[in-house]
Amino acid sequence: MTNEHPETLIASVRRAIALVDIVANSPRPLPVKAIARAAGLSLGTAYNITLTLVHEGYLGVEPDGLVLGSRFPSMRPLEDDGVFLARVRRTLRGVTEQLGATAYFSRFDDGEVRVVDIVDAVSSPRVELWVGIDESAHATALGKQILAELSPSQRADYLSRHPPAELTPHTITDRRTLFGLLNSPIAATVDREEYAIGYDCIAVPVRAPGVIASLAISLPSDRLPRDLSTSIRALQSSAAALSLQFGTMRFGQFTM
């Protein structure tokens with residue numbers, strides 16, 4: 001390396017760091033065009049820098065944009081949205097590839113049950129969330145799994161603000177029945193057409209300090225295996241690995 005143009009070298013490094021920070025602070029994958037726009041760079045310059053960062057492992061490529069790469073998350077606290085998303089996205093992609101089903105990650109955040117990310121399986125597209133998940137956790141396996149992890153007061157508060165509504169003929173709306181199902185932590189939850197006719201869902205908990213979350217898959221009802229044990233074990237294994245990663249990180253703003 002020469003010192004003929006130190007200003008140019010420093011500027012290049014600063015641009016690369018700026019692009020990584022833009023991705024780290026984004027809760028969603030970012031296309032190169034969006035990164036270039038946010039950084040105030042030409043598309044060509046942004047493309048060349050991100051290509052190098054991908055090659056070095058500091059950024060990773062997803063179908064809908066760039067996330068942080070495998071070399072980067074360990075150097076940043078999990079309080080960054082992009083770090084959290086990168087870890088979740090890799091887990092969801094692994095679940096989708098292993099089970100051939102659309103994978104979901106949901107989390108209890110500020111009193112609501114929210115879908116953080118979804119990775120679609122080509123052969124099994126996602127269930128359209130025509131009723132917001134924060135309004136209908138009672139009708140989904142991923143929502144019930146989170147509600148079961150809450151304290152009785154948190155659960156009562158949620159259901160008082162979101163009265164169980166009948167979304168399909170299979171939806172459980174009776175509060176006593178629902179509380180009975182959710183009265184203690186559940187190893188796995190199965191929703192059979194409670195949210196949408198023709199779709200079933202399996203969810204398992206993701207537990208870590210500061211995190212109440214669930215990992216789930218959805219499948220057309222006619223594709224759900226008769227024996228769910230293999231799918232549940234696979235989900236539990238992925239959830240345990242994700243919980244371990246979360247447990248070693250500092251959460252900052254995500255602390256419950």
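## Exercises on a predicted model

Four bridges join strand 1 (residues 59-62) to strand 2 (residues 65-68), and the two strands run antiparallel. Keep in mind as you work that this is a predicted model.

**Exercise 1. Find the bridge partner of Gly60 in strand 2, and state how many residues lie between strand 1 and strand 2.**

Step 1. Start at Gly60 and look across to strand 2: the bridge partner there is Val67.

Step 2. Now follow the chain from strand 1 into strand 2. The two form a hairpin, with two residues between them.

**Exercise 2. Work out the strand order of the five-stranded open sheet, and say which strands stand at its edges.**

Step 1. Strands of a sheet pair through backbone hydrogen bonds, either parallel or antiparallel. Here the pairing is antiparallel, and the order reads 4-3-7-6-5.

Step 2. Take the two ends of that order. Strand 4 (112-119) and strand 5 (189-192) stand at the edges with a single partner strand each, so one side of each has no neighbour in the sheet.

Step 3. Look at how the strands are turned: neighbours in this sheet make an angle of 25° on average, direction ignored.

Step 4. Helix 5 (residues 141-149) touches strand 3, strand 4, strand 5, strand 6 (199-208) and strand 7, and its direction makes about 30° with that of strand 6.

**Exercise 3. Describe how strand 3 is joined to strand 7 and to strand 4.**

Step 1. Towards strand 7 (residues 211-220), strand 3 (residues 102-109) has six bridges, and the two run antiparallel.

Step 2. Finish at the turn. The hairpin of strand 3 and strand 4 has two residues between the strands, and in it Asp110 takes a positive phi near 55°.

**Exercise 4. Decide how helix 2 and helix 3 are oriented to each other, and which residues meet.**

Step 1. The axes of helix 2 (residues 32-39) and helix 3 (residues 43-56) come within 9 Å and cross at roughly 110°.

Step 2. Angles of 65 to 115 degrees count as roughly perpendicular, so helix 2 and helix 3 are roughly perpendicular to each other. Their crossing is right-handed.

Step 3. Now find the contact. From helix 2 come Val32, Lys33, Ile35 and Ala36, which meet Leu43, Ala46, Tyr47 and Thr50 in helix 3. Sorted by class, this contact has six nonpolar residues, one polar and one charged.

**Exercise 5. Do likewise for helix 4 and helix 8.**

Step 1. The axes of helix 4 (residues 81-99) and helix 8 (residues 229-247) come within 11 Å and cross at roughly 165°.

Step 2. Angles over 145 degrees count as roughly antiparallel, so that is how helix 4 and helix 8 lie to each other. The crossing is right-handed.

Step 3. Residues of helix 4 in the contact include Phe84, Arg87 and Val88, and those of helix 8 include Ser231, Ala234 and Leu235. By class, the contact has eight nonpolar, five polar and one charged residues.

**Exercise 6. Find where the predictor's confidence is lowest and highest among the named elements.**

Step 1. Begin with the whole protein: its mean pLDDT is 86, and 89% of its residues reach 70 or more.

Step 2. Confidence is lowest in helix 1 (residues 6-24), with a mean of 82, and highest in helix 2, at 96.

Step 3. Check residues 251-256 too, where pLDDT stays under 50.

Terms used: Residues are numbered from 1 along each chain as its sequence is written. This is a predicted model: local features need pLDDT of at least 70, side-chain atom pairs count only at pLDDT 80 or more; totals for chains, interfaces and linings use all residues. Side-chain values use heavy atoms; hydrogens and water are left out. Axes are lines fitted to C-alpha atoms, for helices over the stretch in contact, and angles run from 0 to 180 degrees between N-to-C directions. Angles under 35 degrees count as roughly parallel, over 145 as roughly antiparallel, 65 to 115 as roughly perpendicular and the rest as oblique. A crossing is left-handed if the near helix is turned anticlockwise from the far one by less than a right angle, and right-handed if clockwise. Contact means heavy atoms within 4.5 Å. Ala, Val, Leu, Ile, Met, Phe, Trp, Tyr, Cys and Pro count as nonpolar, Asp, Glu, Lys and Arg as charged, and the others, Gly among them, as polar. Two strands pair if DSSP finds at least two bridges between them. pLDDT is the predictor's confidence in each residue, from 0 to 100.
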